[in-house]
Amino acid sequence: MSALLRYQTALLARSQRWLPPVILYAVFLSVGVQGGQPILDSLAYAAAALLPVAGWLVRICVTNEPPAARGCSAAAAGPGRAHLASLLAAFLAAAGLGACAVLAVTAISDAASTDARTAVPRLAAGAAGLLAMLVSALLGTALGALANWPLLRSAGRAVPALLLGALLLLVTTGSPAHSVLVDLTTGSREGEVPVSLGALAGALAAAVAAVWAACALSSRRG
C-alpha cells in the first residue's frame, strides 16, 4: 500500500492538476480572511472552504490515470487497493493544505472574541482549527469518493453532485461540518475555544463508510 500511495502522490504532484483547486482556495482565503479578524471566525471560514476543495482533489486523483494505466495498477495490486491509494493521496493533500491554512490564519488573525473583549489562546485556537480542517478533509474525501468514479462516471453528473453535496454538508444541521463550524463561530462570540470531538468522530465514520463503498465497487467493476 505504501508503494501505491507514493505512486498516487507523485502522480498528483506531477500532473499539476492540483493547481486550480489550490489557487482557488488561496483566493478564497485572501478574500475572506484579513489580518486582525477574530481568529476562530477566520478558521471557520477556512475550514468551510476546504471541504469542496478536498472533494475536487479526490476527483483529480481518481481520474489521473488513463484507463490502461489504471488497469495495470489494478492488476498488480487489486482494484480496491489501487482505488484506496488514490483516495488516501487526495485526503493527505487536502489535510496538508488545511494545515498550511491553519498556520497562516492563526498567524495573521486577532486572538480575541468577535467583540474583541475576550482573549482567545492562539495555540488552542490553532488546535481547534486543525480539528475543523481534518473534519472538512474527511468529509470532502467521503463526498469525492461517492461523487466520482466508480459510482458516477460522467463528469456532467459527478461535478454537480460534488458541489451540491458540499453545500448540503456545510449548511445541514447535524452534519459534522456544520457542527464544527457552528462550534467555532459560537466559541468566537463567547471567547471560548471549542473541542469538536463528536464532529470528528462523525466525519471519520462517514469517510470510512464512503471509502469502503467506493473501493468495494471498484473491485467489482475493475
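Reader: Which residues does Met 133 touch, leaving out those up to four places away in sequence?
Author: Met 133 touches Tyr 25, Leu 43, Ala 46, Ala 47, Leu 50, Gly 98, Ala 101 and Val 102, where contact means heavy atoms within 4.5 Å. This is a predicted model, in which local features need pLDDT of at least 70 and side-chain atom pairs count only at pLDDT 80 or more, while totals for chains, interfaces and linings use all residues. Residues are numbered from 1 along each chain as its sequence is written, and side-chain values use heavy atoms, with hydrogens and water left out.

Reader: And which residues have the most contacts inside the largest nonpolar core?
Author: Tyr 25, Leu 87 and Met 133 do, in a core of 58 residues; such a core is a set of buried (under 20% relative accessible area, 1.4 Å probe, protein chains only) Ala, Val, Leu, Ile, Met, Phe, Trp, Tyr and Cys residues joined through side-chain atoms within 4.5 Å. Helix α3 gives the most to this core, with 17 residues.

Reader: Switching to Pro 21, is that buried or exposed?
Author: Pro 21 counts as buried, because its relative accessibility is 0%. Pro 21 is found in helix α2 (residues 19–32), helices being DSSP runs of H or I with at least four residues, numbered from the N terminus.

Reader: What does Pro 21 touch, not counting residues up to four places away?
Author: Pro 21 touches Val 53, Trp 56, Leu 57 and Ile 60, and the C-alpha atoms of Pro 21 and Val 53 are separated by 5.8 Å although these residues are 32 residues apart along the chain.

Technical notes. Helices (H or I, at least four residues) and strands (E, at least two) are DSSP runs, numbered from the N terminus. Buried means under 20% relative accessible area, exposed over 50%, partly exposed in between (1.4 Å probe, protein chains only).
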